[in-house]
There are 4 protein chains.
Amino acid sequence: MNIIGHYINGRVVETGENFLDVDCPSTGEIESKLAMADKALVYEVINVAQKAQEDWRKTPPAKRAQIFARFKTLVENNSEKLCELIGKEHGKISHDAMGELIRGIENIEYAAGIPELLKGEFTKDVGGKIDSWSQFEPLGVVVGITPFNFPAMVPLWMYPMAIACGNSFILKPSERVPSAQLFLAGLLQKAGLPDGVFNIINGDKEVVDALLQDDRVEAVSFVGSTPIAQYVYQEAARYGKRCQALGGAKNHAIVMPDADLDNAVDQLIGAAFGSSGERCMALSVAVAVGDDVADALIAKLTEQMKSIKVGHYSDKANSFGAVISQEHKERIEAHISSAVEQGARLVVDGRDIQVPPSCENGYYIGATLIDNVTAEMTSYQAEIFGPVLQVVRVDSMEEAVTLINDNMYGNGTCLFTRDGEAARYFSDEIKVGMVGINIPLPVPVAYHSFGGWKQSRFGDLCIYGPDAVRFYTDRKTITQRWPSSGVREGIKYSFPS
Amino acid sequence: MNIIGHYINGRVVETGENFLDVDCPSTGEIESKLAMADKALVYEVINVAQKAQEDWRKTPPAKRAQIFARFKTLVENNSEKLCELIGKEHGKISHDAMGELIRGIENIEYAAGIPELLKGEFTKDVGGKIDSWSQFEPLGVVVGITPFNFPAMVPLWMYPMAIACGNSFILKPSERVPSAQLFLAGLLQKAGLPDGVFNIINGDKEVVDALLQDDRVEAVSFVGSTPIAQYVYQEAARYGKRCQALGGAKNHAIVMPDADLDNAVDQLIGAAFGSSGERCMALSVAVAVGDDVADALIAKLTEQMKSIKVGHYSDKANSFGAVISQEHKERIEAHISSAVEQGARLVVDGRDIQVPPSCENGYYIGATLIDNVTAEMTSYQAEIFGPVLQVVRVDSMEEAVTLINDNMYGNGTCLFTRDGEAARYFSDEIKVGMVGINIPLPVPVAYHSFGGWKQSRFGDLCIYGPDAVRFYTDRKTITQRWPSSGVREGIKYSFPS
Amino acid sequence: MNIIGHYINGRVVETGENFLDVDCPSTGEIESKLAMADKALVYEVINVAQKAQEDWRKTPPAKRAQIFARFKTLVENNSEKLCELIGKEHGKISHDAMGELIRGIENIEYAAGIPELLKGEFTKDVGGKIDSWSQFEPLGVVVGITPFNFPAMVPLWMYPMAIACGNSFILKPSERVPSAQLFLAGLLQKAGLPDGVFNIINGDKEVVDALLQDDRVEAVSFVGSTPIAQYVYQEAARYGKRCQALGGAKNHAIVMPDADLDNAVDQLIGAAFGSSGERCMALSVAVAVGDDVADALIAKLTEQMKSIKVGHYSDKANSFGAVISQEHKERIEAHISSAVEQGARLVVDGRDIQVPPSCENGYYIGATLIDNVTAEMTSYQAEIFGPVLQVVRVDSMEEAVTLINDNMYGNGTCLFTRDGEAARYFSDEIKVGMVGINIPLPVPVAYHSFGGWKQSRFGDLCIYGPDAVRFYTDRKTITQRWPSSGVREGIKYSFPS
Amino acid sequence: MNIIGHYINGRVVETGENFLDVDCPSTGEIESKLAMADKALVYEVINVAQKAQEDWRKTPPAKRAQIFARFKTLVENNSEKLCELIGKEHGKISHDAMGELIRGIENIEYAAGIPELLKGEFTKDVGGKIDSWSQFEPLGVVVGITPFNFPAMVPLWMYPMAIACGNSFILKPSERVPSAQLFLAGLLQKAGLPDGVFNIINGDKEVVDALLQDDRVEAVSFVGSTPIAQYVYQEAARYGKRCQALGGAKNHAIVMPDADLDNAVDQLIGAAFGSSGERCMALSVAVAVGDDVADALIAKLTEQMKSIKVGHYSDKANSFGAVISQEHKERIEAHISSAVEQGARLVVDGRDIQVPPSCENGYYIGATLIDNVTAEMTSYQAEIFGPVLQVVRVDSMEEAVTLINDNMYGNGTCLFTRDGEAARYFSDEIKVGMVGINIPLPVPVAYHSFGGWKQSRFGDLCIYGPDAVRFYTDRKTITQRWPSSGVREGIKYSFPS
């Protein structure tokens, strides 16, 4: 059976005391075994990373940039292979895998512009003949811990910028989808990255804790669920590290009476069901302002949802694929049931989905639409992370805004309207980090930064984009005066002013 | 007896279950009593701050800036009064109080430029006819906890920028030096700040904990000792907040054989003994490269130190004043003794200082010089925070750099040389956040940012300057597309690329 | 009679071969005589400015900033006096004078933030151990030539930033409104500006040419009419200088069928008639999309215009005052007549305005509204610069956009709508530099920059705001490597890569 | 015979009334004929460019960036071919051609980061509920006119950034070295650039004038000699365009007594003789401070110069190759003779150089060293643009600085020293745009900007790097307020404040 290893110091390391099964959600078959690290291996990989960083930090930024320019081309040239690796372990259809990969590549491109981004601030004459400037220096060893839902993209949100800033990086990917990153590691080596600067270690909580507790790790980037994000954030702080930890979401779209409804429906279907709804930016709640809009929305959604096809990741005709595991499938089904029990109206039920015999052990659940959901229902309160769109009916935009602001999450949201004032009111009042106006998945492009508000993110700086530079570097401020011959200054006891 | 109160919602509140004595270090006399808050009052002040912020965040940045422009002028016009309040409670001589005040004013000036600093990033056409931009929005209620050594300046590092960014602010000042800030609160009100946006609450660990644990507090800025900084950083994270926590220091100056020695001696004396050495940027260790330099340095220092005068804060002829308390005085004396016991050479002993009868109950200790100190000595390892300059002798610049890099602190450091290559090597290799080349106290100006490395600072962003904007705001990214009439887009299941 | 002089080297200089009458447009009375410079005086003032700049450039930016912070306060404290000086020589009502003054003060505030704005870019390791950074250094002597319509504001667009950047400045103000700037010069001196850094010289084309032709003048900022702007731009280039020359305007507002019409009418009346229409950002053409809108607009405008009052500058009850001169009054009247002759419909005629006897020699013209204007009419093609609002009727938004884009000017424009898509289409397609959405006078705030497109501005950089820093400084890039002892590098014949 | 054409709308156009011989300086043989355009063809190419720009400007910046990322890879993959084309027409040795090509590629890389660079400034709440932001929009058609000495690099300083900003571009390359750019045009097309966005037109002054006078051309970038730069700058202004025109240079290196002399000599030889001295950044004057330094310098230079080899461009063992033409060779020789006649000492004479028979019709001149040159000599005053290093002896650094500051040019300069204070004094006092400290050719890297001072550059913005964005775009500022239902604002006659 195929063994998937760690990646340490430029080599694949397949050792491990434990091996974990990695299955294919589309078929339910176990295809590989993943080597799981122990504390000793964590210690070793940190050691490797720390040593490699010493030289890497001295490599001029422009030369680091070259490696990422080459990496970009290599990833583009191997995108089919990568989509296959993503699809097999995650279940997402290849067109969707390509979508995330392209977003990941955009982060590589941004890292290739590091010389511009790393510029410090120079002030001539902070005082007479005294100059002062800032250098944004790498931290040392930084760690990334990433979730299953974007096997390629989320790690690429982190390490290109971290490494371009002069750090070495240790990735702890999701144990469900390890292969895409292992393949990318090889491409990065081929692009010219010195061994030891980028490393992958597979493992469970023991490994995570070992990384969080080690003094040589300076910073942690995390993406996952809110409880784990909170744990990672606390633990990182307890050990004196900086940390950015992104958690869960519950993203609402408000549909206004003046919205372009056909467009809104198209967008909602893609944003609610794409990638089986397993996205932290998935739109899982539509808030219809007024019953007229709600009724029309339900009617159009129901009609459109008939054309959705669900199945094996390799068939591009499919709209979306399996969810990540049998347990997750059952959890989603339980949420649908609870909504019905608590009084919501199940308009389209995805639980009875039929798939071809070859896929019948896969973890499938069809697109589901639930109307008359209220904020008190369990299904509303949870992050379902499945292909389930819930419709909440409200009487006014204010009510919709209050609903969203009262939610514990604040990742993404969207407003469908034609009205300039409604849009400005919404973007001003809403307590959410990423806001779309007629854009259902307002994921910022790579040259902006990604981050939610409230329980969706812990830490001061967002992930990727401009914020990444500041997160992955520390400021050093140098103040300089040169003594001129013969000139002596008097003693100053006072604080310099 | 004079009662010093809290400042809540624009009024001085003198209630409190406990009252703490506030003394004058120059004379040892108790001059006032400080009202100490309980949890209920903390709850109330947070409530006040939260309510005030709702309107304040909607005040255009340019109008907020006007308040700080007026505040600057008011502080300048009241600087004598403020220096008196600082001197009485802290003990520092008025010229030194003026020094810190001017530095504080510079932070007010920087806050008056907030419209420029708050600009977000706008991208036309992140995709066809889709625009995206960032808004840096205030967090809500933020807290500052500050130490005794800079009664005016350190709080001014925090709240002008926090408030200019649209937040409301709660200051928990050092209980030893509360009066300067209470006076400044009045000036800020006079400058036009709405009540409730800036508040002061006095208290002990119970108050600090109540602030750290309250969900309505979004961010904490702290300056103090490293163990407390660490505690605050951890606790803030445990309650999901962002935090920047600045801790202790041990600042070294390397004196190279080619240094302008007379200048270096002048600078060292000011930087080691000014404000009785009670500065986190004080230079407490001189590292002499070679015995020739060391001998000359000791000789010149000894000679110069003869002219140092120590005494009452109000006498401008004094070089520096009392230390903050009797306990602190004894702690410093114990460090001096331990150095001698462990083999160092006490060149100038400040323990036997004579002061006028009116000051004989003050907490005085004279300028002290110790030679032949080594890294193993207790006095080297501790942050003495007193007027004690220790000289370490090394054989090479590399040895000096290693000594500094091995130190747990990384706040400030300085190199005395004429050589360009030595300076560049130093600023590149040194693991310290604020570096001076022939500048003994390399405190960044207000338009750069302040922050050490290693155990001297916890968190990703530095205090004041450009970093303050990012610390006191959260990024909101808006992505916008307007539907054109008649145009409908197809359903997209893939992640947008 | 009152003599108004030049301001050279910190002193008012009243010499001159010629003296020009300066009158009060509100009454037609001649109140002062203005000393006019000859070439020799121009030569002298440049000499003074050049000498003063040598020290001024070495003054740290933070110290320069202090002067502008004080200047701001002084101007605020003297605003009544300044409005009187502006009103008397220009004719604008005191509330309008206050409006321009406040805008001018905002430019002073921006200049007080110069330390942040002057920061250069620092790159560590452009190559191994090679650093590179930029310093934005002052140019030397720069010149500003300003028009009559904003006696205080337009010069304040220029010299605060020019001087804060380290230059010395020579202002050649409009000979019709010299007093406000002369008064401001005194305040600037009081604020601490060294003599010779700011100077004023009065004169005609001979003086302008002498300034443009002198090699010691490095840059020219100009605001005036397009033909003169073009001349100044060419001449400056001919003598190797950099130049930004702002010219005339013809600003259109499109009124869409979905506009908030009452609001649009309110805004239009202020923007068309305020300051007698003598603003380069005045809205002089309303383009109504569809006859329904046009008819309603005309009806509401006609009604509202009844409450407009015209008269003496000192009466705050007046809406606007006299135009700048008798000749100008006659020119405006001729434009009104020609519109009628060429087929337009004169809805409200301001030519027959009645004023009190004390003002009957003033240069008054009332608010005028003309309907059915077409692009072929002389009155449409000219920049009337008077209180005349012309309405053009079109059938579609595209037609309106084409009309605006075909106009030779591209200063400001505005769209009245509620629709997000219309606004985005407009701001994208329109070939105009300053665009308002439901904002009739889209003058950028001081921390953005001002500049039109097409024949409304010559040069690459806009006036005031961020662009001002780059216009008033030159980039110096320093690349530095320090030789280490003993290391020698090989000869390189190739271009370094 | 090989015909070299224009490149218009994606096709090579070989028409022309005149054809110009293009020779190979290494052999003196005519190898091709260049089609020369007339006014009609200029008119056509502008037309093509203008049409193509309409769509190009709407292409999202991120998509434009992709083209430059691909272009970079294509240029890298074709670098050998390009070096051959450069060498044949210019004469420079292939390692030197590779040097300029790599510098050119760095500008392509910078253009690939355009999404970050094009970000505008967004301000929420310039006033209550009013937002304002800037969009940096392309100008339309821009023109580049480039010299013979860097056939690949100098055009690449211009068009990648101009095109990435959304403009279309017309290149008028030097008629001596047209082939490299024609080849690059093909690669750019292959990279995906739409036809018509990049065009090349060959021609003489008639073509240049036609480009300068056409209203549809919005901006001109020029690099060449100072008189032509001045002409282009004036003419561009006369026709209302923006222009940056880079002219000649006379670059001095000061050699201080404390310099690392061996290193300085190595650097000087490369910087003085590389590319036959035909670089605007060539170091043509060494200013020795003190006779001791001068004597040692001359001795070491003389010794080192013995190993210099001159010959055919294809032989990598050569240090440098032929100069551009027979006339230019004779001009250089005349300068050498005049120096001798005017009293200088000819230490090494390059005029009698021997080359192999196959090269004997080439335009060769050997490395030449002249001592005791003074500022009065013709050879000092001219920009020789050949492999001639002149040594001026001075007594002090001040004298050296004055010599440089008095020179009409201010392109580049360099100081050789070990002393921090000397370096800071030099970089502060020197009136030169690009300064090297122990760096002989201080050409800024692609992410900084290139530009001299004084007669070396006309215009406000430098070429390439950050300044390029501002030069190739115009600022559009949008101010937006959305009307809320029911709320009406009063009429405002005053200028908004």
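View 1. The area buried between chain C and chain D is about 8,400 Å². Here, buried area is the accessible area, taken with a 1.4 Å probe, that two parts lose on being put together, summed over both. Carbon and sulfur atoms give 51% of this area. Chain C brings 102 residues to the contact, and chain D brings 102 residues. Contact means heavy atoms within 4.5 Å.

Residues are numbered from 1 along each chain as its sequence is written, while chains are lettered from A and ligands numbered from 1 in the order in which they are written. As the model is predicted, local features need pLDDT of at least 70, side-chain atom pairs count only at pLDDT 80 or more, and totals for chains, interfaces and linings use all residues; side-chain values use heavy atoms, with hydrogens and water left out.

**View 2. Charged and polar pairs between chain C and chain D.** The count of salt bridges is 12 between chain C and chain D. A salt bridge is a side-chain nitrogen of Lys or Arg within 4 Å of a carboxyl oxygen of Asp or Glu. C:Lys58 forms one with D:Glu429, and their closest N and O atoms are 3.4 Å apart. Between chain C and chain D, 36 residue pairs are in polar contact, both residues being at pLDDT 80 or more. A polar contact is a pair of N or O atoms within 3.5 Å; within protein, one must be able to donate a hydrogen and the other to accept it, and residues adjacent in sequence count only if both atoms are side-chain atoms. Strand β23 (residues 473-481) of chain C gives the most to the side that touches chain D, with eight residues. Helices (H or I, at least four residues) and strands (E, at least two) are DSSP runs, numbered from the N terminus. The residues on this side of chain C divide into 39 nonpolar, 33 polar and 30 charged.

**View 3. The axis between chain C and chain D.** The superposition is by least squares on the C-alpha atoms of residues with pLDDT of at least 70 in both copies. The copies meet through the same surface, because 100% of the interface residues of chain C are also interface residues in chain D.

**View 4. The interface between chain D and chain A.** Chain D and chain A bury about 2,100 Å² between them, 54% of it on carbon and sulfur atoms. In chain D, the residues that lose the most area to chain A are D:Arg424, D:Tyr447 and D:Trp482, together 29% of what that side buries. Six salt bridges are counted between chain D and chain A. D:Arg424 forms a salt bridge with A:Asp125, with the closest N and O atoms 3.1 Å apart. α2(D) gives the most to the side of chain D that touches chain A, with six residues.

**View 5. The axis between chain D and chain A.** A rotation of 180° with 0.0 Å of shift along its axis superposes chain D on chain A, at RMSD 0.0 Å. In chain D, the C-alpha nearest the axis belongs to D:Gly113, 2.9 Å from it.

Terms used:
Ala, Val, Leu, Ile, Met, Phe, Trp, Tyr, Cys and Pro count as nonpolar, Asp, Glu, Lys and Arg as charged, and the others, Gly among them, as polar.
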